[in-house]
Amino acid sequence: MPTNLVIVESPAKAKSIEKILGADYKVMSSYGHIRDLKKHSFSVDTDTFMPQYEVPSDKQNIVSQLKSNARKADVVWLASDEDREGEAIAWHLQEVLKLDPEATTRIVFHEITPPAILAAIENPRKIDHALVNAQQARRVLDRIVGFKLSPVLWRKVKPNLSAGRVQSVAVRLIVEREREVQAFEPEAFYRVTALMTKADGSTFKAALNRRFPNEAEARAFLESIKDANLIVEDLQKSPIHRSPAPPFTTSTLQQEAAHKLGLPVSQTMLIAQHLYESGLITYMRTDSLNLSNLALGASRKVITEQMGEQYVKIRHYHTSSKGAQEAHEAIRPTYMDRTEITSSQSARNQQERRLYELIWKRTIASQMADAELEKTTVTIGIEGHDEKFIATGEVVVFDGFFKVYRDTESTDTIDNAEADNNTAILPAFALNETLNATEVLATERFTQRPPRYNEGSLVKKMEELGIGRPATYATTISTIQQREYVVRSDKPGEERISHTLTLKDGNITKAANKVTLGAERGRLVPTDTGIVVNDFLMQYFPAIMDYNFTADVEKELDSIAEGKEEWQGMIQNFYDTLEPLVETTINSKNELRAGERVLGNDPETGLPVSVKIGRFGPVAQLGEASETSKPRFAQLRKGQSIETITLDEALELFRLPRTLGQYEGDEVSVGIGRYGYYVLNQKKFISIPDTLDPYTLTLEQAIDLIENKRQSETDRHIKSFDEEPELEVVNGRFGPYMVYKGTNYHLSKPQQKRAAELTLEECMNIIKEQDERPKSSSTTHRRYTRKK
């Protein structure tokens with residue numbers, strides 16, 4: 001029997017560590033936290049702010065197993081992660097398992113390799129209660145905000161909404177950016193470029209150092225240079241050194257994986273977690289830029305062997321983040337000579353291989369020499385004009401770290417044409433050399449609006465403002481999407497006509513082309529609910545929504561983690577600020593519900609028309625509730641917003657239900673219900689697919705939907721009974737089953753084989769048996785209620 005028990009928080013991590021430690025050590029997993037605040041109650045004493053913990057029912061068995069093994073062990077090693085969350089897990093284990101502090105040790109490591117694990121065993125410590133208190137403070141803070149603000153939202157906005165200390169501020173960022181986007185008015189301008197030819201026939205491109213505000217001025221300029229001489233007035237060559245980016249922290253890994261691999265932040269962290277637990281990379285939640293001496297030496301060796309000594313430049317990076325405390329080293333491969341991973345090294349899928357490769361390249365590049373380039377700038381004078389044509393080009397003299405990696409900077413605002421111009425290779429020039437303009441283009445361009453955030457750029461902004469910490473970014477971004485305050489969507493952009501004036505062979509011609517402005521993929525866009533909740537919180541809880549306030553809270557949590565501040569006092573100050581605001585807001589009376597917007601009156605009936613957040617999302621309302629009448633409601637269409645919808649657009653929504661005509665002697669109509677748009681015929685509802693517009697749907701299209709539905713039901717139907725019209729045996733995705741009074745009933749394999757032969761008595765017995773079965777019975781026989 002092993003005399004040592006090691007407890008970690010992950011089964012995958014346990015498996016990797018057990019291989020290293022051998023037979024004298026038993027490694028078990030707690031599967032995360034073994035206790036937490038009670039799920040459905042406040043669980044915080046408002047006098048002392050002490051949290052009230054419980055062991056959830058799904059962790060009772062795990063706790064029993066851990067207690068049993070802990071009693072048999074001579075020493076218990078608590079080996080959860082080295083950040084605040086990991087420290088809290090270790091403390092909870094010690095408390096719940098009632099471990100003897102003298103026989104309990106805390107070990108930490110930032111990579112799962114034999115040297116790191118054995119070094120941790122050699123250097124144990126006690127639980128750091130300052131880190132535990134910082135985690136408890138964050139947990140209590142978030143519980144106070146959630147349980148105090150959410151009921152206010154239920155009463156003033158809509159039921160089942162929630163607020164969060166960090167998530168609400170993240171939504172604010174996205175809402176404010178969306179309003180910048182909506183308010184932006186593109187301005188047209190003309191950019192002039194020229195294709196020039198030297199006497200030897202070589203060609204290159206140059207751009208004018210002035211932009212024109214309209215077509216008339218651009219045309220006048222082209223007219224004026226028809227016969228002008230072009231002369232090289234200045235020639236500048238300058239060396240450029242480009243340095244590599246530092247190795248990854250949590251936030252920069254999230255940003256780069258979003259930009260280069262297209263991964264959502266939460267998925268990046270899941271993949272990184274598996275790579276860490278498999279012993280392939282160091283701990284993935286870190287603010288540190290430091291690399292160990294061992295890693296630096298291994299990097300030097302790999303670079304020298306694979307690329308040569310001239311590519312080596314050992315660098316020591318230091319983080320500028322004041323709150324850097326999550327770990328002691330940047331994210332890097334555990335073994336620098338492992339350039340890639342294969343299936344035998346736990347690469348479960350292509351994404352893991354790609355993320356590992358990204359981490360390896362970034363780490364190696366950080367220890368490589370600068371890239372050396374030569375930038376050439378040619379200034380070309382135009383006879384009789386102050387304007388100049390400028391040609392620029394870059395030549396890589398020594399590739400340095402470019403040989404391995406180029407870090408991604410945001411391309412949201414890059415002018416691709418100008419970027420291409422900068423990287424061109426230019427021919428040789430001489431001062432006062434005369435050039436010929438083969439073709440000069442004046443192209444209409446448009447100013448670009450601010451880009452919406454994607455997950456990577458949102459992480460970058462949150463880090464800049466000090467909102468949250470690396471361990472919280474992924475959870476925050478996932479939460480605001482799960483709660484439908486924000487959606488990740490593609491924007492098709494706005495189509496415009498761009499005009500181009502071309503001067504060639506002394507003639508000016510004009511052409512028009514379609515261009516798309518502002519097309520985006522995978523961007524974060526606030527929903528109407530998110531906008532309304534944000535505006536409400538900004539109006540009534542401005543202090544909680546303030547960026548500086550949120551960042552200051554993070555600094556206070558850092559002070560608690562360093563043992564410089566008492567956590568309950570910090571919570572008291574926060575609570576004293578929040579509680580009066582909650583009381584004032586919940587007792588306030590407003591004529592309009594939060595987010596409600598009055599658009600005007602219906603010209604036909606004179607009834608008021610407004611839009612607001614309803615129980616199932618944004619709706620338009622026609623009329624008001626009174627003793628004699630009820631208002632009508634209509635859901636907003638996809639792409640419409642309560643912020644921008646007009647009175648005419650809202651009135652259009654009330655065209656439903658509308659009658660299309662008759663089919664087989666019964667009326668065919670189009671309507672909208674809780675689950676979307678439908679066609680109604682013979683008391684049967686047929687869903688309208690997204691490809692069809694319910695407001696323009698024709699009778700012929702509706703009949704096609706009706707017939708398709710009938711055909712699918714014919715294919716699905718197996719058997720029914722005249723004595724029980726609500727009972728039907730049908731085909732499903734996983735074989736035959738029964739439907740009775742809107743509820744589905746499972747058939748066993750033998751029953752499925754003779755589904756068409758089942759008698760009414762057999763069917764009713766099956767139904768009775770499954771109805772009487774306890775709810776906790778096997779999922780094989782679980783009943784499912786169909787949506788009506």
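A salt bridge here is a side-chain nitrogen of Lys or Arg within 4 Å of a carboxyl oxygen of Asp or Glu. I begin with that rule and apply it to a predicted model.

**Entry 1: a salt bridge across the sequence**

I looked up E215 and K510, whose side chains meet in a salt bridge with N to O at 3.1 Å. E215 lies in helix α7 (residues 215-224) and K510 in strand β15 (residues 507-517), so the pair ties together parts that are 295 residues apart in sequence. I then checked the exposure of each partner. E215 has a relative accessible area of 22%, so E215 is partly exposed. K510 has 43% relative accessibility and is therefore partly exposed.

**Entry 2: other salt bridges**

I noted that the count by this rule comes to 44 salt bridges. Side chains of opposite charge can pair when their charged atoms come close. I looked up the bridge between R300 and E309, and its N to O distance is 3.6 Å. R300 is partly exposed, with a relative accessible area of 37%, and E309 is partly exposed at 47%.

I also looked up R754 and E762, which form a salt bridge with the closest N and O atoms 3.1 Å apart. The relative accessible area of R754 is 30%, which makes R754 partly exposed. E762 counts as partly exposed at 27% relative accessibility.

Which residues does a network of salt bridges link? I found R138, D142, R165 and E554 linked in this way.

**Entry 3: aromatic pairs**

I recorded 13 aromatic pairs under the ring rule. The ring centres of Y53 and W91 are 6.3 Å apart and the planes stand at 70°, so I list the pair as edge-to-face. Y53 belongs to strand β4 (residues 53-54) and W91 to helix α3 (residues 84-96), so this pair ties together parts that are 38 residues apart in sequence. Are Y53 and W91 buried or exposed? I found Y53 buried, and W91 is buried too.

I then turned to Y276 and Y283, an aromatic pair that is edge-to-face, with 5.2 Å centre to centre and 65° between the planes. Both Y276 and Y283 are buried.

**Entry 4: charges over rings**

I looked for charged side chains over aromatic faces. K148 lies over the face of F42, and I noted 5.5 Å from the ring centre. R406 lies over the face of F402, at 3.8 Å from the ring centre.

**Entry 5: one glycine**

I picked G146, which lies in helix α5 (residues 129-156). G146 has a relative accessible area of 16%, and therefore I list G146 as buried. What does G146 touch, leaving out residues up to four places away in sequence? I found P151 and A163.

**Entry 6: confidence**

I checked the confidence of the prediction last. The chain averages a pLDDT of 88, and 94% of the residues score at least 70. I marked residues 409-420, over which pLDDT stays under 50. For residues 409-420 the model has 13 contacts beyond four places in sequence. I marked residues 776-788 as well, where pLDDT also stays under 50. The model has 20 contacts beyond four places in sequence for residues 776-788.

Definitions and conventions
Residues numbered from 1 in each chain as written. Predicted model: local features only at pLDDT ≥ 70, side-chain atom pairs only at ≥ 80, totals over all residues. Heavy atoms only, no water. pLDDT = per-residue confidence, 0-100. Contact = heavy atoms within 4.5 Å. Phe/Tyr/Trp six-rings, centres within 6.5 Å; stacked < 30°, edge-to-face > 60°. Helix = DSSP H or I, 4+ residues; strand = E, 2+ residues; numbered from the N terminus. Buried < 20%, exposed > 50% of the residue type's maximum accessible area, 1.4 Å probe, protein only. Lys NZ or Arg CZ within 6 Å of the ring centre and 35° of its normal.
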